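These questions and answers are for a reader who is new to the structure shown here. What can be read from it, step by step?

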Amino acid sequence: MQIVFPVILTLSLIFFAFSCYRRLSLVTMGTWTGRMDRPFQRIADTLVYAIGQKRVMKRVFGLNHVVIFWAFLVLVLANGEFLVQKMVPSLSFANLPGPLYLLLLFSFDICSLAALVAVGVAALRRAVSPPFEEARTVEAYFILSMIAVLMVAYFVMHGAEIALGSQPAGLYAPVSLMTAKILLSAGMGTHLATVAAFAWWIHAVALLSFMNFLPYSKHMHILTAIPNVFFRSIEKPNTQPREEFVPYGVFGADSVEKLSWKDLLDSFSCTECGRCQDSCPGVATGKALNPRLLVHSIKMNLLAANSRTGTAGSLIGTGEERVKEEALWNCTSCGACMEACPVFIEHLPKVVKMRRHLVEMEAKFPEELLNLFENMEQRSNPWGMAPSERSKWSANLDVMPFEQGQAEYLLFVGCAGAFDARSKQVTVALTKVLDAAGVSYGVLGKEEKCCGESVRRLGNEYLFEKMALESVQQFQSKGVQKVITQCPHCFNTLKNDFRQYGLELQVVHHSELIDDLMKQGKLKPVQSTGEERVVVHDSCYLGRHNGVFDAPREVIRQATGAAPVEFGRKGENAFCCGAGGGRMWLEEHEGTPINVNRVKEAVATNASTVCVSCPFCMTMFEDGLKAIDGTTVRVKDIAEVVAEAI
Amino acid sequence: MLAIACIKQVPDTTQVQIDPVTNTLIRDGIPFIINPYDAHALEESLRLKDSHGFKAVALSMGPPNAEATLRKAIALGVDRAVLLSDRVFGGADTLSTSNVLSAAIKKLSESDEIGIVFCGKQTIDGDTAQVGPGIAVRLGFSQLTLVDRILAIDTEAKTIRVRRKLEGRYEIVEARLPAMITVVRELNRPRYPTVPMRLRSVNGELEVWGNSELKLDTATVGLKGSPTCVSRIFSPERTKGEILGDGMGDPIGAAHLLLDRLIGGDLLAV
């Protein structure tokens, strides 16, 4: 016994280290990305989100995980002692000062009980109401029972020792004490030593097996989740990295080797909790896309790469280790999956990298996009309208051209605001509001160019780069510093994407500006529209991607005299209209329409008006409402609601 | 065997406006694009390269800046790109353009056999639809205009069968190669260049031929060889039609007005 265990332990540790090395070294197949900036912020975030489990707790059932996680942290001490003490008896907590030892025993007892109850609840939940149907895996139940075995063995071991008198009995170990009583009353009095030894071995074998099983299961997250939070993108992943367009370069990613090491670490950190898929508009409407499976495919591909002597197979295609092309095009880039992920897996950058491969290396994309790309390249707008039409919306208005020194703000109208019939009305309403508040602004008129947002999210980085360079050069030569946008897509691109080109603009979305103007008393609404029940729809690129949630609500409250009605899925959990990520320009062939899903939710709130703050959302709601018979619900932009109140 | 696509760089006419005073096209600052029909001609030559092993050649006559359009053709995958550019070619009408293009095709035939010459059915700036047929006649090629489908090509027997899209009917015809084919947009869907191809096209080989290569009689090319004379360009005045109601302010009312008019005038087909 004294020789057997150290040998088993050593072999186990070697095998565990080898497994971890084999799996984790796969991560180095990825490309380099720096994730060590702001180390103190990273440590603080890790404490809040990994140790503090902040995101885990956002869903009710997360509490169960918190219990298991915290119990584990405490029991790491107990198990560490357990493994060492057999070989070096002096390394025992029993040698600590009495009260401290008793406190530890108490904590171990309580935490073991809490963990036992929590895995029981987890098993029950998985059987009765799993997070998703496929979650009822043998692996999941196996892991849960391993934990249960560990806990039960712990109690039996300590119970037997208490009964034997080799461990002091008392209320500091209530569960173990109870186990001792059960053992005695079950007539095990004469076999206590055997029971204790048996329980010890069960515990030892379970512990070492559990440890060695970890690297081969989804419970790898026990090892990777904390580092994954540490290495997360500190800024919201609302932009995409630039590419360097050199001859014979490789663009985008069709294999794990072209993803970053963090993308690959993400795949090992996924616990398959299913929260991303619960919040994904693609999954909710029956598309091929499933963010959980996307990450899973990357992991499977990476594992398969190992057996193929370090080279990876194609990541795009069919089968468990590949992502379907349709799935990549289904993504609306809404970011709900990333917001839901407790360990900060970044799904969207992976989607865009794979789209880049399809567009840039293979010129393979849904056929509707050919026209879009040509229109953007030749006429700098998605519809291919003549650039001379760009200023038609202001034909009967007195709008000044932007000139440095003359106007404080550039009003960046955007393609929709300039060409789309419905959104042109929004632009006019916005100028009315700005004029009423005495804001100094000018426009670029026919010279304005498309910001290229859709093109970038669709993976045509080459074209985006060309468009961005033109716009950045134009802004710089005109001395633009402060910009008002009425489109969250322009907002995000001007604010976050153009920064990569050395242009730091102060970009303000019109809802934020109007909120400010009201607070400064420059806009005084007459609040005559009190009849309306206004429900606020959060645009993904304003809300989730840029954190602007309060301004639109405050504006509605000021303009209508009543707080807005809310969707069930609101704020950072808001449901996309279906137009982001360039999907505005794609047909929706699979499943049910995303916009109809959201429109039905709007109608169910009994609101009379849906207030949007994005021209794409406007189009999706206008179209979606046509699918609902007999509804009188109308869609208005926030600028229109305000324009009516002044 | 060569599949030659004749492509022209044209001003983006949706962006061209006519100067109300001089009645000429205002071309300042108007971007140039490949003539949209020619994009389909180019695509078909590339498809024949992929499917039948043809060598794809892009051929264009124009000023030096037409290089941009040929570079796009290189990015799309043509094997050769030839720009016919010379001061003496300037000011050409369809007749002298056909002369120059035909001479260039003849020169290309010195090293390779010509299979098919593709042209767009017409250009969006001139809209004459004469250059393609002009080439066919000068070179003695089979002339197949308005083709919307290539049904069969037999490179052994040197025959081709195509469908022509005519007004209200289709016509399936067979002809001997070499043939000159003008294409309509339904023929195919042009491809999009990959980024590596685009990057390579910047330094890709582009041949520029002037009259020193083609050795044509200068009286048959350029302005001198052009009997056409444009006396005036103007937008026709609208004599019919009216705007009903206020579509922006009251779309439902405007729709009612329109329906009343259509029903009242018995203009709706039943």
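Q: Which residues of chain A are linked in a network of salt bridges?
A: The model is predicted. A salt bridge here needs a side-chain nitrogen of Lys or Arg within 4 Å of a carboxyl oxygen of Asp or Glu. By that rule the linked residues are Arg35(A), Lys262(A), Asp263(A), Asp266(A), Glu346(A), Lys350(A) and Lys353(A).

Q: How many salt bridges does a search of the whole structure find over all chains?
A: The search covers all chains. One of the salt bridges joins the side chains of Arg390(A) and Glu448(A), at 3.5 Å from N to O. Over all chains the number is 60.

Q: How many residues apart are Arg390(A) and Glu448(A), which link distant parts of the chain?
A: Both residues are buried. Arg390(A) lies in the loop between helix 16 (368-379) and strand 1 of chain A.

Q: Is Glu67(B) buried or partly exposed?
A: Glu67(B) meets Arg71(B) in a salt bridge at 2.9 Å, N to O. Both lie in helix 2 (residues 67-76) of chain B, four residues apart, or about one turn of the helix. Arg71(B) is buried, with a relative accessible area of 18%. Buried means under 20%, and Glu67(B), at 31%, therefore counts as partly exposed.

Q: What is the relative accessible area of Arg457(A)?
A: Arg457(A) forms a salt bridge with Glu453(A), with the closest N and O atoms 3.9 Å apart. The two are separated by about one helical turn, because they are four residues apart in helix 19 of chain A. Glu453(A) is buried at 2%. Arg457(A) is buried too, and its relative accessible area is 1%.

Q: How is the pair of rings of Phe412(A) and Phe475(A) classed?
A: Among the 24 aromatic pairs found over all chains, this one has ring centres 5.9 Å apart and planes at 70 degrees. Phe412(A) is in strand 1 (residues 409-412) and Phe475(A) in helix 20 (residues 461-478) of chain A, 63 residues apart. Planes over 60 degrees apart fall in one class, so the pair is edge-to-face.

Q: How many residues of helix 21 of chain A are buried?
A: Helix 21 spans residues 488-497 and is mostly covered. The buried residues include Pro488(A), Phe491(A) and Asp497(A).

Q: Where is Gln53(A), a residue other than glycine with a positive phi?
A: The phi of Gln53(A) is near 55 degrees. Gln53(A) is buried, with a relative accessible area of 4%. Its place is the loop between helix 2 and helix 3 (62-85) of chain A.

Q: Which helix of chain B gives the most to the side that touches chain A?
A: In all, 18 residues of chain B are in contact with 26 residues of chain A. The area buried between the chains is about 1,900 Å², and Tyr192(B), Val195(B) and Leu199(B) lose the most on the side of chain B. The count of salt bridges between the chains is three, one of them joining Glu367(A) and Arg189(B). With five residues, the helix that gives the most is helix 5 (residues 195-201).

Notes
Residues are numbered from 1 along each chain as its sequence is written. Chains are lettered from A and ligands numbered from 1 in the order in which they are written. This is a predicted model: local features need pLDDT of at least 70, side-chain atom pairs count only at pLDDT 80 or more; totals for chains, interfaces and linings use all residues. Side-chain values use heavy atoms; hydrogens and water are left out. Contact means heavy atoms within 4.5 Å. Buried area is the accessible area (1.4 Å probe) that two parts lose on being put together, summed over both. Buried means under 20% relative accessible area, exposed over 50%, partly exposed in between (1.4 Å probe, protein chains only). Rings of Phe, Tyr and Trp (its six-membered ring) pair if their centres lie within 6.5 Å; planes under 30 degrees apart count as stacked, over 60 as edge-to-face and the rest as tilted.
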